[in-house]
Amino acid sequence: MANNRLIAKNTVALYLRTIVTVIVSLYTSRVVLEELGVEDYGIYNVVGGTIAMMTFLNAAMSGASSRFITYEMGKGPESRLREAFGTAMAIHAVIAVIVLLLAETLGLWFVNTQLVIPESRMFAANIVYQTAVATAVLGVLQTPLQALVMSYERFTFYAYLEIFTAVSKLGIAFLLIVVASDKLILYAWLTLLIMAVVFVLYIVYCRYNFSNVLKGRVRSDRSFVRAMLSFLGWGIVGNVSVIVNFQGCGIAMNMIYGAAVNAAYGIANIVQGTLKGLALNIVAASRPQIIMSYSKGNLTEMFALMRNATNIGLVMYLMTALPVYFNAQTVLGIWLLEVPPHTVAFLKIVLLGGVFSVCNQPIYIAIHATGRIRSSSVYPGIVYLSAPFVFYAIMKMGVPVDTAFYIIVATYSICLLICLLIVKNLIPEIRLTRFMLRSYLAVVPAVIAVEAILFAVGIEQIYFKLVASIVVTVAVLAAYYFYFCLDRAQRRSLKTMLLKRLKN
């Protein structure tokens with residue numbers, strides 16, 4: 001039986017963490033953009049994009065390690081859990097060395113010969129790159145520790161750590177205001193310092209709470225080691241394709257339009273990533289129990305957890321994304337003193353792509369639970385890898401960048417369809433049509449209702465329109481979730497809890 005109370009506790013912790021980090025991160029981005037300027041901010045996004053890429057890859061590797069650790073927790077003996085962790089640590093140490101070697105050879109050559117960067121800023125760009133490489137290596141070594149925290153469902157610690165990171169970055173932004181030295185270089189070094197502090201905090205926390213697990217050695221069972229290597233290897237292949245897609249689109253724009261357009265790309269992805277992070281963190285609260293349900297053979301419970309995670313993740317994303325989509329110019333105008341060209345169009349497009357990405361997350365978790373992820377890495381990976389080249393070719397033919405950028409939406413929607421077919425093949429018991437109807441398509445009438453109400457009201461004043469969009473979207477989607485996503489017992493339990501809170 002799923003521990004719904006623990007899921008709810010973790011969901012609240014992650015939700016509050018995301019609310020704080022959303023507010024802090026968005027304000028931080030505004031200050032950093034203002035202090036660095038459009039050109040330096042664009043350089044940081046295209047060169048220091050390695051940081052964002054490795055952050056994503058580390059999250060993916062953490063998910064892979066977490067899968068094996070969680071799976072062994074569901075099976076039983078602590079000795080197997082220790083061996084799973086020890087094996088993960090050894091594998092990630094090797095990966096860290098490989099990342100360092102590739103970064104200091106091929107990566108360094110690419111930054112210095114292929115990117116369009118003003119000559120006067122090449123030294124600063126190289127400093128940014130080296131700090132990004134160091135951040136990436138620390139991130140790889142931190143991954144098994146993060147996976148251990150996630151497997152034990154200590155999401156409260158994870159939430160506090162993310163809030164600490166966000167507040168620290170805000171402190172860096174304010175420091176940029178008063179320092180007269182090269183602000184891009186200072187920003188890069190201080191970002192690395194934050195990563196180093198987080199790494200140390202993970203070590204201390206895990207030593208204090210999971211000291212027995214940290215004593216684990218590499219498992220002598222070769223079949224287990226091969227399985228973990230295969231899982232991690234295919235996971236890296238799949239997620240590298242996503243990284244190449246993200247960074248490749250930025251590089252494609254850089255080659256044609258220069259560094260300035262990368263500022264718009266970076267801002268759009270910050271907003272979308274922040275809003276999507278809220279939904280994905282809520283979905284993450286169900287991940288350990290979805291995997292444990294599969295390891296115990298309880299598919300009915302697993303499907304229920306998947307559907308619930310999809311429902312709440314999609315609703316939470318739409319609650320924030322729809323008002324921003326309908327009021328993109330207003331939101332960006334409030335947030336930024338200077339809105340770079342193309343930012344509004346880019347933001348709307350990546351918000352649409354985010355819908356498909358959020359829908360895909362519980363499917364990825366189910367595929368990971370089976371341990372057979374080659375298909376989900378190869379076939380979507382081909383789509384992700386192809387997208388930047390198609391994007392570049394379309395722009396070279398003269399198609400405006402705002403139009404060509406819809407390749408993002410096409411990429412995420414195609415990958416969702418592919419993963420649905422893969423999960424049906426891996427877990428034949430899943431009723432795919434029913435799952436899609438109850439998890440995805442059922443929300444469409446609610447979205448249409450939001451649009452219809454806002455159109456009927458027809459508010460012209462931009463700030464009133466923004467407030468109205470938020471109120472209408474939250475009210476309609478909350479009603480949809482309450483009446484169509486919860487069963488009768490869940491609605492009764494929620495009503496009782498709310499009435500009790502109101503009386504107190």
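How many helices and strands does the chain have? The chain has 19 helices and zero strands; both are DSSP runs, helices being H or I of at least four residues and strands E of at least two, numbered from the N terminus. The model is predicted: local features need pLDDT of at least 70, side-chain atom pairs count only at pLDDT 80 or more, and totals for chains, interfaces and linings use all residues. Residues are numbered from 1 along each chain as its sequence is written, and side-chain values use heavy atoms, with hydrogens and water left out.

**Chain totals**

- Of the chain's 504 residues, 54% are buried (buried: under 20% relative accessible area; exposed: over 50%; partly exposed: in between; 1.4 Å probe, protein chains only).
- The chain exposes about 22,800 Å², and carbon and sulfur atoms supply 66% of that area (Shrake-Rupley method, 1.4 Å probe; for residues, only the protein chains shown count as cover).
- Take contacts between residues at least 6 apart in sequence: 85% of them join residues at least 24 apart (contact: heavy atoms within 4.5 Å).

**Helix H12**

- H12 covers residues 343-370, 28 residues in total.
- Its first and last C-alpha atoms lie 40 Å apart, close to the 40 Å expected at 1.5 Å a residue (expected span: 1.5 Å times one less than the number of residues).
- A kink of about 30 degrees sits at Gln361, shortly before Pro362 (the bend is the angle between axes fitted to the seven residues ending at a residue and the seven starting there).
- H12 is largely enclosed by the rest of the structure, because 20 of its 28 residues are buried.
- Gly371 follows H12 and has a positive phi, near 80 degrees.

**Nonpolar core**

- The largest nonpolar core holds 148 residues, and Val47 and Phe391 touch the most other members (core: buried Ala, Val, Leu, Ile, Met, Phe, Trp, Tyr and Cys residues joined through side-chain atoms within 4.5 Å).
- Helix H10 (residues 299-326) gives this core its largest share, 15 residues.
- Val47 touches Val111, Leu115, Ile117, Ala125, Val128 and Tyr129, leaving aside residues up to four places away in sequence.

**Cysteines**

- A search of the whole structure finds zero disulfides (pairs of cysteine sulfur atoms within 2.5 Å).
- Cys359 is buried, at 5% relative accessibility.
- Cys485 is also buried, with a relative accessible area of 9%.

**Ala260**

- Ala260 belongs to helix H8 (residues 260-284).
- Ala260 is partly exposed, with a relative accessible area of 44%.
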